[in-house]
Amino acid sequence: MAVLAIPSPKKTTQVDFPIERVKLSVLNINLINDKYKFTTSNEIFNQYTYEALEFLSLGVYIDINLNRLSEDKTEISVEIRRKLGTFNQSHEVTKANEHLVKIFDCIAKLTAKSEEEIENIKQQRVMKNGNTSNSTSKHREISNAWYEKNWLVILLCVLFFPVGLYALWKNSSIAKGWKIAITVIISLIILTNLGDEKIKTNSSNASTVSSEKESIAETEVKKTESKPDVEILKQTATYQDVMNAYTIHCRVRNNTSELISYVDLKATFYDKKGNIVGTGIGNAANFAAGAEKTIDVMGVDIQNCDNYEVQVNNILN
């Protein structure tokens, strides 16, 4: 089921570091995770943008804004937005939240390092990649070619796959593993369409059997004791002191007889007096009937926490 009118996922936190040190970490995120490519910056407003390519998607932009609160305190805001359109599927929201966790993790790791340590990582990257100036010159020569535009390659693979596959294998920025995976998927789609009529017949029979099984399952559920649709079985928490971050690993079970397309959990953190000191959220998509899975609930900049509570927040079938 589609999730309509979902705003771009965004997370804001405050850290006890000067803005210049945090800025150095933001500018070097791709040293920790080379999936993220630096695109633009505005030094006057301390705004920085990265991009990330996603499988069978034009990808996303990651907007990072820094705000100096005091000499030794900085506010970090990170927003994930699609390159084209808006978020309208639960799995897209899940991927966006994963980007938020990874970006804050990169910033935390780099902020914990000194300027010299970051410079050493850069030097190691240069030595690993060889002569970067030559490779940069070669990249500039071919970067304007039509097949080097990732969005165009993906669009052609969807609309006109023969040309799309040619552009895919000519492209120098897409990893070989992705090229192989996309080629295999397109081949499977073609083979599947050749036997479409037979599959439709089998699907119809399978649907009938599945409907009968679901009807029996629903009857059995009604006979059993009532349970919540999503049940939290157990939970454990880990703490990262650089960002004052808590990650609560929750094992949950779908007690219903049907697929839950989207579910999210909300954590509330309290101090010793019972006052709320922060909240966190975690989510999952495509939760099969009767299945169990682990959902990580993350809270950032949680201070003076003594205990916490996790509850099921939203469920979409």
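At 1% relative accessibility, Asn-254 counts as buried, because buried means under 20% relative accessible area. Select this residue first, keeping in mind throughout that the model on screen is predicted.

**Around Asn-254.** Asn-254 belongs to strand E7, which covers residues 245-254. Show its side chain together with the backbone of Ala-288, and you will find that the side chain of Asn-254 reaches the backbone oxygen of Ala-288 at 3.0 Å. If you then select the contacts of Asn-254, leaving aside its neighbours within four places in sequence, the partners are Asp-229, Ile-260, Phe-287, Ala-288, Ala-289, Gly-290 and Ala-291.

**The whole chain.** Zoom out before going on. The protein chain has nine helices and eleven strands, and of its 317 residues 33% count as buried. Among contacts between residues at least 6 apart in sequence, 59% join residues at least 24 apart. If you display the accessible surface, it comes to about 18,900 Å², and 52% of that area belongs to carbon and sulfur atoms.

**Pro-228.** Next, select Pro-228, which sits in the loop between helix H9 (196-223) and strand E6 (230-240). With a relative accessibility of 47%, Pro-228 counts as partly exposed.

**The loop between E10 and E11.** Move on to Asp-301, whose place is in the loop between strand E10 (292-299) and strand E11 (307-316). The phi of Asp-301 is near 60°, a positive value in a residue other than glycine. Asn-304, which lies in the loop between E10 and E11, likewise has a positive phi, of about 60°, although it is not a glycine. Is Asp-301 buried or exposed? At 18% relative accessibility, Asp-301 counts as buried, whereas Asn-304 is exposed, with a relative accessible area of 66%.

**Helices H6 and H7.** Now select residues 150-159, which form helix H6, and residues 161-170, which form helix H7; the two pack at an angle of about 150°, with their axes 6 Å apart. H6 passes H7 in a left-handed crossing. To see the contact itself, show Val-153, Leu-156, Cys-157 and Leu-159 on the H6 side, and Phe-161, Val-163, Gly-164, Leu-165, Ala-167 and Leu-168 on the H7 side.

Which residues of H6 are buried? They are Leu-152, Val-153, Ile-154, Leu-156 and Cys-157, and these buried residues pack against H7 and also against helix H8 (176-194).

**Ending in H8.** For the last stop, follow the chain into helix H8 and select Ser-187, which has its place there. At 35% relative accessibility, Ser-187 counts as partly exposed. A distance drawn from Ser-187 leads back to Phe-161, a residue in the contact of H6 with H7: the C-alpha atoms of Ser-187 and Phe-161 are separated by 9.9 Å, while the residues themselves are 26 apart along the chain.

Key. Residues are numbered from 1 along each chain as its sequence is written. This is a predicted model: local features need pLDDT of at least 70, side-chain atom pairs count only at pLDDT 80 or more; totals for chains, interfaces and linings use all residues. Side-chain values use heavy atoms; hydrogens and water are left out. Axes are lines fitted to C-alpha atoms, for helices over the stretch in contact, and angles run from 0 to 180 degrees between N-to-C directions. Helices (H or I, at least four residues) and strands (E, at least two) are DSSP runs, numbered from the N terminus. A crossing is left-handed if the near helix is turned anticlockwise from the far one by less than a right angle, and right-handed if clockwise. Contact means heavy atoms within 4.5 Å. Buried means under 20% relative accessible area, exposed over 50%, partly exposed in between (1.4 Å probe, protein chains only). A polar contact is a pair of N or O atoms within 3.5 Å; within protein, one must be able to donate a hydrogen and the other to accept it, and residues adjacent in sequence count only if both atoms are side-chain atoms. Accessible areas come from the Shrake-Rupley method with a 1.4 Å probe; for residues, only the protein chains shown count as cover.
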